[in-house]
Amino acid sequence: HGLLKQRMRELVPVKQALLRDVRKRYGSKEVCKVTVDQAIGGMRNVFGLFYDASLLDAKTGITMRDYNIPELQEYLQKGENGHEPLPEALFWLLCTGDFPSEQEFADVQQEWKQRGELDSQTQHFILSLPKTAHPMTMLSQTLLYLQKDSLFQQVYDQGKVSKPQYWEYFYEDAMNLLAKIPRVAALIYRHKYKNGEIISADENLDWAGNYAHMLGYNKFEVRECLRGYLSIHADHEGGNVSAHTTHLVGSALADPYLSYSAGVNGLAGPLHGLANQEVLKWLLEMRDELGENISNEKIPRLQGKVIPGYGHAVLRYTDPRFIHQKDFAARHIKNDPLVDLVRQCYHVIPPVLKTIGKIQNPWPNVDAHSGVLLYHYGMREFQYYTVVFAVSRALGCMANLIWSRAFGLPIERPGSITLRWIEEKFGEN
Ligand code: NMX
Ligand code: MLT
């Protein structure tokens, strides 16, 4: 076994005991009340989920195991001469709560290399998918195809596993899924956009660098871009659609492949991860219509539709992940009109959105910036952008899924109410 599993074996009993103690001491405390508005309005500010690896603060944004984005950038391992964190290190942190030593980091990296290879049938499966399908659909389908390899599903089927061991098999599946997902994602890209010309993995590269390489992008800056990109999108607490879906499906003991395929389907919605492709479409349409030098007054076009990349269900200020990418662009990218346009929108759009009154947060989220970086480096196929998000989100979803089984969490089954129920409960008569 690798060092991460060894560390998890030490941690699981300790954290199980902590959870038992917390339940004993605080189990009957009230976390929050739920109003009828909240039940109907997408459960905003209803704290009804337990999800241990990250937490979202409306003002300051995400912390993963209590570290914010700048801290993660500072403390996690980086590539040679690099400035951006490496996702292998982040995954160790998400799983254990500690930063990995060099040896621990290298061990995860090595394991993912060993587990990552796609056999010829999997490659054939991907290369046979209809090219007309959206790349997110292809990703979800391939995760379902790989489900036949789920160790959890096999041992459960054979009646060979009991509840205390569930997490160990979820762990194995999660590690295999994470090792393979950049290769699956890269092959989908090469199949859909580059005539199926496969680029083999470069075993000398890190997880994100290798993903860039297999996509066909070999500049140091693109590797750096993906290292940062894949780190900052990894987790955003438990309530977002992709994480919540993965968590929910996993709670029925559907294995990590089934669970994450479902999460990916949610990420493919335009109000969630698909917004990053929508932003590029919106920027390019604006440029086609208005030319290169667009005056501030001409930028916002509300037209009864949402402006992609702006607003958030929880955040109430600019997303720190947007700032991370803005800073990356400032360091690496000079004189790119689209990057400049994103910056210009950041100044112009929030005041306009504020005028519509009903919006809770007029500031940009991560999707307002991420696509333009990929576009700058030559990846013009913006339908693909959410796949990059999905490769990253797998890190958080897998870490939390392993812990959900290690904590022995039950099937998720909240109650629901009807119009008649509301009227009968609160009506005058
Ligand atoms: N442009 C125009 N109107 C907006 C926007 C926007 N960007 N964001 C919210 N509104 C509207 C929203 O449609 C709603 O109107 P109505 O009641 O008529 O449906 C009203 O403002 C109130 O919405 P909020 O309560 O502020 O936002 P909510 O929590 O419901 O939704 C989002 C949050 C993120 C779904 C929403 O802001 C949105 O659709 N943004 C654009 C899509 C986007 O960028 N999504 C990515 C989120 C991050 N991610 O990576 O997943
Ligand atoms: C995310 O990263 O999942 C998005 O910002 C959406 C959310 O948190 O609701």
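In what order do the three strands of the open sheet come, and is their pairing parallel or antiparallel? Keep that in mind as you open the model, which is a predicted one.

**Stop 1: the sheet**

Select strands E1, E2 and E3. They make up an open sheet in the order E1-E2-E3, and the pairing is antiparallel. At the edges you will find E1 (54–57) and E3 (67–68), each of which pairs on one side only.

Now colour E1 and E2. Four bridges hold this antiparallel pair together. Show the side chains of leucine 56 and isoleucine 62 to pick out one opposing pair, with isoleucine 62 on the E2 side. Follow the chain from E1 into E2 and you trace a hairpin, with three residues between the two strands.

Then click on methionine 64, whose bridge partner in E3 is tyrosine 67. The E2–E3 hairpin has two residues between its strands, and arginine 65 is worth a click here, as this residue takes a positive phi near 45°.

**Stop 2: the domains**

Domain 1 covers 34–48 + 417–429, domain 2 covers 87–272 + 382–406, and domain 3 covers 275–376. Domains 1 and 2 are each written as two segments, so to speak, when you type the selection. Taken over C-alpha atoms, the centres of domain 1 and domain 2 are 37 Å apart.

**Stop 3**

**Stop 4: ligand 2**

Last, select ligand 2. Which residues are around ligand 2? Display His236, Asn240, His272, Ala313, Val314 and Asn365 to see them. By class, this shell has two nonpolar and four polar residues, with no charged ones.

Why does ligand 2 lie between domain 2 and domain 3? Both domain 2 (87–272 + 382–406) and domain 3 (275–376) give residues to its shell, so that is where ligand 2 sits.

Technical notes: Residues are numbered from 1 along each chain as its sequence is written. Chains are lettered from A and ligands numbered from 1 in the order in which they are written. This is a predicted model: local features need pLDDT of at least 70, side-chain atom pairs count only at pLDDT 80 or more; totals for chains, interfaces and linings use all residues. Two strands pair if DSSP finds at least two bridges between them. A residue is near a molecule or strand if its C-beta atom, placed from the backbone, lies within 6 Å of it. Ala, Val, Leu, Ile, Met, Phe, Trp, Tyr, Cys and Pro count as nonpolar, Asp, Glu, Lys and Arg as charged, and the others, Gly among them, as polar.
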